[in-house]
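Keep the sequence and the 3D view open while reading.

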Amino acid sequence: MRDTVDPTPTDWNSRAMQKRIRARYRAEKRFKFYGLFAVLLSAGFLAFLLVTMISNGARGFTQTQIAVPVNFAASDLFLESSSLEGDGAAQALAGADFEGLVEEAAREAYGADGEDLVSPAAWLKVREAVSDDPELLNGEQTFWLQASTALDFASRGEVKGRQAQRPERQAMMARYERLEDADRVRRSLSQNFLVNSDSSDPTQIGIWGALKGSLLTMIVTLAIAFPIGVLSAVYLEEYAPRNRWTDMIEVSINNLAAVPSIIFGLLGLAVFLNTFHLPRSAPIVGGLTLALMTMPVIVIAGRNAIKSVPPSIRDAAYGVGASPVQVLSHHVLPLSLPGILTGTIIGMSRALGETAPLLLIGMRAFVVEPPDGFTDPATVLPVQIFLWSDELDPGFVEKTSAAIITLLAFLLAMNAIAIWLRNRYEQRW
Amino acid sequence: MTQTALTQIAEKRNAVEVDTPKMTARNVDVFYGAAQAIDDVSIDIGMENVTAFIGPSGCGKSTFLRCLNRMNDTIPIARVTGDIRLDGKDVYDSSMDVVQLRARVGMVFQKPNPFPKSIFENVAYGARIHGLASSKAEMDEIVERSLKRAGLWDEVKDRLPDSGTALSGGQQQRLCIARAIAVDPEVILMDEPCSALDPIATAKIEELIHELRGRYAIVIVTHNMQQAARVSQRTAFFHLGTLVEYGDTSELFTNPHEERTKDYITGRYG
C-alpha cells in the first residue's frame with residue numbers, strides 16, 4: 001500500500017526560482033552598497049574635520065612679525081654694556097625700561113600710534129637679545145618683533161563675522177597691506193606657541209603648559225589604571241569563584257564603563273579633594289579621576305582577551321608541570337596582551353579627550369606656568385581648548401584650532417605607540 | 001555470599017594487578033558536579049607496558065586518564081575520590097606537589113597544542129621551569145635528545161627558531177611528545193594522540209610509542225581498536241564509567257571474558 005505520492009521533482013530552472021536568485025543577488029549588492037556608503041560618509045566627515053582644523057589651525061603655529069629698528073645708542077636706557085658683565089647684570093637689566101624703549105622705537109618708525117602695531121610683550125625679546133649680546137647697546141639694530149593682535153588679525157585678510165566689519169579693522173587691513181608692500185611685516189613660525197603657556201594675550205599664548213599637564217595626567221592615569229585593571233581582569237577571570245559576589249562585581253564594572261564622565265568628576269571632587277585633601281587642579285588628582293574612568297574599560301577588554309586564550313594552551317602548560325602563576329605569566333598574559341593593549345588604547349584615548357570631570361576638580365584654572373610635577377596646578381589640552389574657545393579676542397580662534405591639532409597629534413602619537421607595542425607582541429596560532 | 005561470587009571478586013582483583021606496577025588506582029570515583037563520570041575503577045599501570053584504554057565515546061576513559069596526573073584539578077566542578085598512587089605514594093595527598101607530579105607524569109593531548117613559540121622553546125619550556133638545565137649547552141642537549149627520541153630531530157634541526165605552530169599536524173604532535181619527554185617523566189599519558197592525524201602521521205606516532213616503551217610507562221587512550229591492538233601490551237575496556245575488563249591485549253582481543261567487551265570489539269556498538 002502506498003499512501004505517499006512522489007512529489008514532482010524540483011525545477012531548478014523555473015521562473016520563480018530564477019526570480020529568487022536574482023532577488024538574492026540584488027540584496028547582496030544592496031547590502032554591500034550600504035556598507036560602502038557608511039564608510040564613505042564617515043570618511044567624509046573625518047576629512048571635513050581635518051581640513052577645517054588644519055586650515056584654521058595652521059596659522060596658530062605662525063605669528064605676524066613687524067620690523068622695528070631700535071637705536072640703543074641714542075636712547076635714554078641708562079644702561080652700559082660694561083654693567084651687563086658680572087654679578088649685577090640681572091639687576092641692571094631689570095632696572096632698565098625696555099618696554100618704554102620699544103614703544104618709543106615703534107612710534108619713531110610707524111608714527112604716533114606705532115606702539116599699537118607691536119605686541120605689548122614684544123620688549124621681552126629685545127631684553128633677551130641685549131642680555132645675550134651687551135655690545136648691541138652701542139649701536140642700532142632692527143628687530144623682528146611680534147605684531148599686536150589687531151595687526152595679526154588684519155593679516156588674515158577678509159573674514160566673515162561682526163568683528164571683521166568694524167572700521168578700525170578695515171583701516172588696520174589697509175595699513176597691513178602697505179606694510180607688507182614695504183617688506184616691514186612677515187609671517188614666521190611662532191617660537192612661542194609650543195613653549196609658552198596660557199596667557200591673557202593671544203599673541204603670547206602657548207600650548208606647552210597644557211601639553212605637559214596632559215602628559216603628567218596621562219602618566220598618572222596609565223600608572224594607576226593599567227596595573228589595577230589588568231590585575232582585576234586576571235583575578236576575576238582566573239581565580240575568582242563563580243558566585244553572587246563576583247557576579248555583582250562583574251555587573252558593577254560593566255556599569256562603571258558606561259557612567260557619564262562628569263559623575264567621575266564629582267567622585268574625584270568628593271574623594272580626592274574633600275576627603276584626602278590632595279592639591280586642587282593638580283595632574284595627580286586629574287590622573288586619579290581619569291584612572292577611575294579608564295579602569296573598567298581595561299578590565300572588560302582584559303577579561304575578554306584572557307578568555308580568548310585557547311584552553312589547549314593552558315592544558316599544554318599545566319601538562320608539563322607549570323604552576324598556575326607560570327601558566328599565567330608565561331602563556332596567558334603574553335597571548336592576551338594585544339587585546340589588553342587594545343582596551344588600554346581605547347580607555348586612554350577617551351581619558352585624554354575628557355574635559356568634564358577635570359573641570360570639577362579645578363583643572364580649568366588659568367595656569368601661566370607649566371607644571372613642574374604631579375602636584376603643581378595644571379590644565380590639560382581639552383580643557384585649554386575649552387577655555388580658549390570661550391575667549392572673545394579674535395586672536396584666540398586660530399590658537400584654539402592649533403591646540404586641537406596638537407591634541408590630535410598627541411592622540412595619534414599615543415595610539416601609534418600602543419599599536420606598535422601590540423603588533424610586537426601579537427602571536428598567531 | 002556464595003563461593004562463586006567470592007571467587008569472581010578475587011578474579012577481578014587479580015585481573016587489575018600487574019607484576020611491576022608504576023601507578024595503582026583503587027576504587028576511584030569521579031564526579032562532575034552531581035553526575036558521576038567514573039564509578040569504582042581499580043587498575044594497575046605497569047612500568048614495562050604500553051597500556052591502552054579503549055571504550056565508546058563518553059565512557060570515562062579520558063576522564064580517568066586525567067586523574068592520573070591530576071589534570072582534573074583545573075576543572076572546578078570535578079571531584080575525585082579513591083586512591084591513586086605513583087610508586088606507592090598517594091598523588092592526591094597534600095604532601096604531593098602537583099607541579100612535580102605533572103612533570104613525572106607527562107601528558108600528550110588529543111589535539112596537537114604546541115605553544116606559539118619557537119620549536120626550541122617548546123621543548124625547552126618544561127626543562128626550564130623545573131630548572132633541569134644549568135647551562136645553555138645543557139639545555140641544547142636536552143632539546144636535541146628529546147627531539148631525537150620523539151623522532152623529529154632530523155626534520156627540524158635546521159629550523160629550531162621557527163614557530164612550533166608552523167609544523168604539520170603530525171610533526172606538531174611529535175613536538176608535543178618531545179615537550180613531554182624533555183622534563184624526563186616516568187609515565188606518559190596520551191589522550192587520543194592520533195585522532196587528529198592522517199594515517200602516515202599516525203603510523204609514525206605508533207612507531208614512536210614502540211620505541212619509547214620500557215623507558216617510560218605509557219598509557220594511551222584510543223578510539224581505534226586496531227591501534228590499541230598494535231601498540232599496547234595491556235588493554236582496559238571502559239564502559240559507562242566502569243572498568244569492564246583489563247588484561248593482556250592479545251587475550252582481550254581474541255578471548256574476551258565479558259559479554260560487553262566482546263560486543264564492543266566485534267563492533268556491535270561503540
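**Helix packing and chain contact**

In chain A, the axes of helix 3 (residues 98–110) and helix 4 (residues 123–132) come within 9 Å and cross at roughly 110°. The model is predicted. Two packed helices are described by the angle between their axes and the distance between the axes.

**Helices 3 and 4 of chain A**

- Angles of 65 to 115 degrees count as roughly perpendicular, so helix 3 of chain A and helix 4 of chain A are roughly perpendicular to each other.
- The crossing of helix 3 of chain A with helix 4 of chain A is right-handed.
- Helix 3 of chain A contributes Phe98(A), Glu99(A), Leu101(A) and Val102(A) to the contact, and helix 4 of chain A contributes Trp123(A), Val126(A) and Arg127(A).
- Sorted by class, the residues in this contact between helix 3 of chain A and helix 4 of chain A are five nonpolar, no polar and two charged.

**Helices 12 and 13 of chain A**

- Helix 12 (residues 311–319) of chain A and helix 13 (residues 324–352) of chain A have axes that come within 10 Å and cross at roughly 155°.
- Angles over 145 degrees count as roughly antiparallel, so helix 12 of chain A and helix 13 of chain A are roughly antiparallel to each other.
- Helix 12 of chain A and helix 13 of chain A cross in a right-handed sense.
- From helix 12 of chain A, the residues Ile313(A), Arg314(A), Ala317(A) and Tyr318(A) meet Gln326(A), Val327(A), His330(A), His331(A), Val332(A) and Leu335(A) in helix 13 of chain A.
- The contact of helix 12 of chain A with helix 13 of chain A comprises six nonpolar, three polar and one charged residues.

**Val297(A)**

- Val297(A) lies in helix 11 (residues 283–307) of chain A.
- A residue with 20 or more other C-beta atoms within 10 Å counts as buried; Val297(A) has 23 and is therefore buried.
- Leu256(A) is 41 residues from Val297(A) in sequence, and their C-alpha atoms are 8.6 Å apart in space.

**Contact between chains A and B**

- Chain B gives 21 residues to the contact and chain A gives 15 residues.
- On the side of chain B that touches chain A, the elements giving two or more residues are helix 3 (98–104), strand 6 (105–108), helix 4 (119–129) and helix 7 (169–182) of chain B.
- Helix 3 of chain B supplies the largest share of that side, four residues.
- By class, the side of chain B that touches chain A has eleven nonpolar, seven polar and three charged residues.

Key:
Residues are numbered from 1 along each chain as its sequence is written. Chains are lettered from A and ligands numbered from 1 in the order in which they are written. This is a predicted model: local features need pLDDT of at least 70, side-chain atom pairs count only at pLDDT 80 or more; totals for chains, interfaces and linings use all residues. Axes are lines fitted to C-alpha atoms, for helices over the stretch in contact, and angles run from 0 to 180 degrees between N-to-C directions. Angles under 35 degrees count as roughly parallel, over 145 as roughly antiparallel, 65 to 115 as roughly perpendicular and the rest as oblique. A crossing is left-handed if the near helix is turned anticlockwise from the far one by less than a right angle, and right-handed if clockwise. Two residues are in contact if their C-beta atoms, placed from the backbone, lie within 7 Å. Ala, Val, Leu, Ile, Met, Phe, Trp, Tyr, Cys and Pro count as nonpolar, Asp, Glu, Lys and Arg as charged, and the others, Gly among them, as polar. A residue is buried if 20 or more other C-beta atoms lie within 10 Å of its own, exposed if 12 or fewer, and partly exposed in between; C-beta atoms are placed from the backbone.
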